[in-house]
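This report goes through selected side-chain interactions of one protein chain. The sequence and model are shown first, and the description follows.

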Amino acid sequence: QVQLVESGGGWVQPGGSLRLSCAASGFTFSSYDMNWVRQAPEKGLEWVGSITNSGGHSTYYIDSVKGRFTTSRDDAKSTLYLQMNSLKPEDTAVYYCVRGTAAAGYDYWGQGTQVTVSS
């Protein structure tokens, strides 16, 4: 069965960095576009960024993280990454690894990993 397992979250001071990982299994990882979605406390879901499948590995980001966050993938290891630099308190959220596209639908979600940015 499809599984997405995030790791790498934690607490960090403003200006710090974290690297999230998402280990995928149960499907041909290289064939799918992948995404990061977050949910801040008492707020709705917010798409953060995405990377296309092995056809190009193009990346896209929400404006608020451009220049600070970078998503990448290692198709040989079926793993998705999110490098987060210059973190801000407003980045505090649960971060989810998600398979799919906005057009076709997000069909599988990981359990999420908590990122807390505070001093």
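## Salt bridges and their surroundings

Arg99 is buried, with a relative accessible area of 6%. The model is a predicted one, and every value below was computed from it. Arg99 forms a salt bridge with Asp107, and the closest N and O atoms of the two are 2.6 Å apart. Asp107 is partly exposed, at a relative accessible area of 41%. Elsewhere, salt bridges with shared partners join Arg38, Glu46, Arg68 and Asp91 into one network.

The count of salt bridges comes to six. Three of these pairs are listed here.

| Pair | Closest N and O atoms |
|---|---|
| Arg99 and Asp107 | 2.6 Å |
| Asp91 and Arg38 | 3.0 Å |
| Lys66 and Asp63 | 3.0 Å |

Asp91 and Arg38, a pair with its closest N and O atoms 3.0 Å apart, link distant parts of the chain, 53 residues apart. Asp91 lies in the loop between strand S8 (79–84) and strand S9 (93–101), while Arg38 is in strand S4 (residues 34–39).

Lys66 is partly exposed, with 48% relative accessibility, and Asp63 is exposed at 62%.

## Nonpolar core

In soluble globular proteins, nonpolar side chains tend to be buried together. In this model, the largest nonpolar core has 25 residues. Met34, Trp36, Phe69, Leu80, Met84 and Tyr95 are the residues with the most contacts inside this core. At least two core residues come from each of S3, S4, strand S5 (45–51), S8, S9 and strand S11 (113–117). S3 gives the largest share, four residues.

Met84 is one of the residues with the most contacts inside the core. Leaving out residues up to four places away in sequence, Met84 touches Gly16, Ser17, Leu18, Leu20, Arg68, Phe69, Tyr95 and Val115. Among these contacts, Phe69 and Tyr95 are themselves listed with the most contacts inside the core, and Arg68 belongs to the salt-bridge network that includes Arg38, Glu46 and Asp91.

Ser21 is found in strand S3, which covers residues 18–25. With a relative accessibility of 19%, Ser21 counts as buried, because the cut-off for buried is under 20%. Which residues does Ser21 touch, not counting residues up to four places away in sequence? The contacts are Val5, Glu6, Ser7, Trp36, Thr79, Leu80 and Tyr81. Of these, Trp36 and Leu80 are listed with the most contacts inside the largest nonpolar core.

The structure holds one disulfide. Cys22 and Cys97 form this disulfide, and their sulfur atoms are 2.1 Å apart. The link of Cys22 and Cys97 is left-handed, with -70 degrees about the S-S bond. Cys22 lies in strand S3 and Cys97 in strand S9, so the pair ties together parts of the chain that are 75 residues apart in sequence. Cys22 is buried, with a relative accessible area of 0%. Cys97 also counts as buried, at 0% relative accessibility.

Methods: Residues are numbered from 1 along each chain as its sequence is written. This is a predicted model: local features need pLDDT of at least 70, side-chain atom pairs count only at pLDDT 80 or more; totals for chains, interfaces and linings use all residues. Side-chain values use heavy atoms; hydrogens and water are left out. Buried means under 20% relative accessible area, exposed over 50%, partly exposed in between (1.4 Å probe, protein chains only). Contact means heavy atoms within 4.5 Å. A salt bridge is a side-chain nitrogen of Lys or Arg within 4 Å of a carboxyl oxygen of Asp or Glu. A nonpolar core is a set of buried Ala, Val, Leu, Ile, Met, Phe, Trp, Tyr and Cys residues joined through side-chain atoms within 4.5 Å. A disulfide is a pair of cysteine sulfur atoms within 2.5 Å.
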